[in-house]
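Here's a quick tour for anyone meeting this protein for the first time. Take a look at the sequence and the fold, then read on.

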Amino acid sequence: MRSARVNAELPGVPRGEPEPLTPNLELPNPEPPNRELRTTHRTPNQNPEPRTELEHEPGRENREQGTADNVLVPEHGPLFAAMLHEFDGAARILNLEPGIWRILTHPKRQIVVSCPVQMDNGDIEVFTGYRVQYNITLGPAKGGIRYHPDVSLDEVTALAAWMTWKCAVAHIPFGGGKGGIVCDPTRLSKRELEALTRRYVAEIMDAIGPEKDVPAPDVNTNDQVMAWIMDTYSMHVGHTATAVVTGKPVELGGSLGRREATGRGVMIVTREAAKHLGIDIKGATIAIQGFGNVGSVSAELLAAAGARIVAVTDWKGGVYNEKGLDVAALVEHTRQHKTVAGFAGGTPLANDELWELDVDVLIPAALENQITMDNAPRIRARILTEGANGPTTPDAHDHLHKRGVFVIPDILANAGGVTVSYFEWVQDRYGYFWDLTDVNSRLEKKMCEAFDDVLQTSLRHNVDLRTAAYVVAVARVGTVTKMRGMYA
Ligand code: NAD
């Protein structure tokens, strides 16, 4: 099978986008429901062995979950175990009651499909696709679809859970979902990619929809793939249904401002953090890893707010200018050369030198697991804004927090993207489209509120912002779960 063949040849998956009872919930039990879980790493691609210690005794799973003896709770992999670790920290603070704890730690639905595709050479290949709806208590599942040889059910389930917490932190009426197809899109022709996309949509057709589950782009999928999904779904339901996906081209019901939304959110939370810490954003110095969508837009908007972007690195190298880089010129240079390296408006900077710069703000906006105990002790920044998903390992995060670095966690810092995806879904359903000023002012309000909710929670419980973000998220989903009650 093609997907199996390429699997061995390609490196690990970059994490995509990866969302709780309000602290006032009266819930008595601070212990997790009979689960002993210790996890130290959040992203497992480099750590194939689960770092989770689950005690296994014959039949124990059944007793733990209170299920009938013939019902087995599915095993989970290292990435999902890492999500559970983060969840548990918040659930303990909330004294989450065991029943709610169990509900929120189980995916609602995991779909596995086989997608036969006739290739350009006439052969038929079969690709495995997944869609996980982790939780839909607050609204339709929301989350991207990725195409990559390393896609697995564990990864998709964990990413769907993180989307649940991210949407809840952003306080938007979505649950969390994620999907993926095990394939190498760089080896597929455009026709094969379209056929695969359409067959995958046909296979999960009953599970998605504007009221059910709303996919979006993720690793190796883009607005064209979203347009094919929208068209396939529309052909099946017999009318144009733009609200079934977000991240569409603007001509097909996409939203103005979506492309810039994640970087705009990064700018807003960084500015709010600086205000909280008494740092003037005008003249504040900033270093950024990654100059793609998130990194470049964050740089442009922070420079526009008066900050000095002194250093940027990407996959090929970096550039430094203590007086501040000309961001517009750097964007143009990157458009032409596909890298910031070689930019004439500064001196070369090695990727590893970025971490030790004496700057006010550091923004990892490239890949996961970039800040580890190898470089965290050298970090001198006051604020670390996680533009990327999972850029900081848990031990590095704890080290930085102890040293007083203000870490704005990914599920808050990069939630601007999913927030404008929510705006896109609203506009599609409303059939009325907002101008850019409307989109940006609504995003500004949502991000400021989310930042303040997390900050106040962290101050109230005397915990780091990551734990606080989970407390906010788990509280919101848990409260609504309790209010809705148990069906049947
Ligand atoms: P992108 O592909 O547009 O840009 C990635 C950047 O990272 C590029 O500049 C690339 O050169 C750089 N990079 C790659 N490998 C590197 C390396 N080894 N060292 C240094 N730099 C390296 O991706 P993006 O959309 O900007 O996403 C960046 C991160 O933000 C990812 O973690 C993504 O999951 C997360 N994120 C993105 C969005 C969004 O709306 N785009 C939303 C939420 C989270």
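## A polar contact at threonine 393

In this predicted model, the side chain of threonine 393 makes a polar contact with the side chain of aspartate 395, at 2.6 Å. You'll find threonine 393 in the loop between β11 (383–385) and α11 (394–402).

Is threonine 393 buried or exposed? Its relative accessibility is 2%, so threonine 393 counts as buried, the cut-off for buried being under 20%.

## Glutamate 97, another loop residue

Glutamate 97 sits in a loop too, the one between α3 (78–93) and α4 (98–104). With 21% relative accessibility, glutamate 97 counts as partly exposed, because buried would take a value under 20%.

Next, the inside. In soluble globular proteins, nonpolar side chains tend to be buried together. Here the largest nonpolar core has 94 residues, and Met83, Phe87, Trp165 and Ile408 have the most contacts inside it. Which helix gives the most to this core? That's α5 (residues 153–170), which supplies twelve residues. Apart from this core lies another one of 28 residues, including Ile111, Ala207, Trp228 and Met230.

Let's zoom in on isoleucine 408. Leaving aside residues up to four places away in sequence, isoleucine 408 touches Val269, Thr270 and Ala273, then Ile383, Leu384, Thr385 and Glu386, and also Ala413 and Phe451.

Technical notes:
Residues are numbered from 1 along each chain as its sequence is written. This is a predicted model: local features need pLDDT of at least 70, side-chain atom pairs count only at pLDDT 80 or more; totals for chains, interfaces and linings use all residues. Side-chain values use heavy atoms; hydrogens and water are left out. Helices (H or I, at least four residues) and strands (E, at least two) are DSSP runs, numbered from the N terminus. Buried means under 20% relative accessible area, exposed over 50%, partly exposed in between (1.4 Å probe, protein chains only). A polar contact is a pair of N or O atoms within 3.5 Å; within protein, one must be able to donate a hydrogen and the other to accept it, and residues adjacent in sequence count only if both atoms are side-chain atoms. A nonpolar core is a set of buried Ala, Val, Leu, Ile, Met, Phe, Trp, Tyr and Cys residues joined through side-chain atoms within 4.5 Å. Contact means heavy atoms within 4.5 Å.
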